[in-house]
Amino acid sequence: MQIAILVLAALSVALSAWAIRRDVPLMWEWAEPVPLAEGDAPLFQTVLDYTAPEGEAHSPGIILRDGGYSILWFEGSQEARADVDIVGVDMDAEGVSPVTRRVTRGGLSDAFEPRQLVVTLGNTVQNDASQDALYATVVSVGGWAMASAADVRMGPDGPEVARKLNLSPLLNRSFLVKSPMVEYADGSHALPVYFEMGQTYGALVRLDASGQVRDMRRIAGPVKAIQPMVVPLDARRAVAFMRNFDGAGKRLLISRSEDGGQSWDRVRETDIPNPSAPVAALGLAADRILMAVNDDVSDGSILNLTLSEDGGETWRHLQRLEAGGGEARYPMMRALPDGRIVLAYSVGAKTGIRVHEFNLAWALRA
């Protein structure tokens with residue numbers, strides 16, 4: 001018995017050494033932001049103003065694709081209920097497609113390997129590292145605190161294969177997604193996530209080409225920081241903006257990295273008022289950041305477009321997007337190849353989705 005144990009131990013050490021030797025170290029340099037063309041003339045148009053027939057429609061994601069993009073959101077009688085599915089529309093030169101179901105609870109249950117129950121669905125973002133793929137917030141038991149981040153590979157009729165990311169030894173629960181992925185200079189990607197159970201914190205997950213988790217770095221501090229929006233400033237520097245999950249917190253949170261995301265300074269409050277709401281931000285190169293933010297603590301209906309020209313230290317208002325029309329929350333913003341910017345968010349206290357297209361010529365005009 002002792003000999004067998006020693007042989008197994010030696011084999012384990014040998015296999016570990018072989019795996020370490022074969023492993024290719026991660027490269028920690030961001031893909032630098034690409035400047036956007038301002039455009040010859042100001043452009044702003046509302047391309048979708050949707051209200052759910054009943055219940056809630058919330059947390060839109062923007063899925064870029066050839067010839068256009070899609071908007072996906074979760075919809076059902078109420079957030080975190082057992083009738084919530086992911087629905088969406090496609091946008092292209094022909095206009096807006098009808099709203100259809102894209103990821104259902106039953107369809108995702110069948111796609112999981114091994115098969116597992118899906119009780120409800122939440123925030124969904126694009127997997128930029130793979131065509132026709134998503135990262136979804138999935139609940140199999142309990143509520144958001146028991147959610148998992150799932151890698152979902154889509155087919156023409158819905159999910160084909162799905163697996164939960166291995167992010168935690170604690171039943172692999174309580175990790176959620178909200179913000180777009182971030183690209184590195186070598187073409188690999190990282191996924192911002194957040195842990196919501198007990199010691200709440202944000203994190204950056206490094207993934208390989210097959211979607212396997214290679215590394216995870218915490219973005220943490222003395223406050224409950226969730227839903228990190230990560231914006232690279234150059235090859236080494238990046239800033240992460242976060243929502244304070246503590247109801248008493250009334251400021252937007254921030255953390256910075258100077259080494260490509262390997263480490264982050266302690267999360268701290270900014271001077272920006274914020275009613276515990278996530279933001280959408282877009283790097284414009286040369287330390288310029290465009291951000292859609294709820295920056296009035298007393299009025300969740302106010303959503304402003306703001307600009308920083310010093311890497312997020314100071315900000316100025318550019319345009320007011322919403323005011324006085326019910327809560328406008330959970331913005332998502334992405335740039336299209338032609339320089340247009342797509343901004344989507346929830347309106348009417350989670351009962352609808354609004355989507356705008358604009359360019360920098362409109363955003364920056366006085």
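Colleague: Over how many bridges do E22 and E23 pair?
Modeller: Happy to start there. Strands here are DSSP runs of E with at least two residues, while helices are runs of H or I with at least four residues, and both are numbered from the N terminus. Two strands count as paired if DSSP finds at least two bridges between them. E22 and E23 pair in the antiparallel sense, and the number of bridges is five.

Colleague: Before we go on, which cut-offs apply to this model?
Modeller: Residues are numbered from 1 along each chain as its sequence is written, and side-chain values use heavy atoms, with hydrogens and water left out. The model is predicted, totals for chains, interfaces and linings use all residues, local features need pLDDT of at least 70, and side-chain atom pairs count only at pLDDT 80 or more.

Colleague: Which residue stands opposite Asn-304 in E23?
Modeller: Asn-304 belongs to the group pointing one way from E22, together with Thr-306 and Ser-308. Across in E23, its opposite number is Arg-320.

Colleague: Is strand E22 largely enclosed or open, and why?
Modeller: Buried means under 20% relative accessible area, exposed means over 50%, and partly exposed lies in between (1.4 Å probe, protein chains only). Leu-303, Leu-305 and Leu-307 point one way and Asn-304, Thr-306 and Ser-308 the other, and all are buried. Because six of the six residues of E22 (residues 303–308) are buried, the strand is largely enclosed.

Colleague: What is the bridge partner of Leu-290 in E22?
Modeller: E21 and E22 pair in the antiparallel sense over five bridges. In E22, the partner is Leu-307.

Colleague: And by how much are neighbouring strands of the sheet E20-E21-E22-E23 turned against each other on average?
Modeller: This is an open, antiparallel sheet of four strands, with E20 (280–283) and E23 (316–322) at its edges, each pairing on one side only. Axes are lines fitted to C-alpha atoms (for helices over the stretch in contact), and angles run from 0 to 180 degrees between N-to-C directions. With direction ignored, the average turn is 15°.
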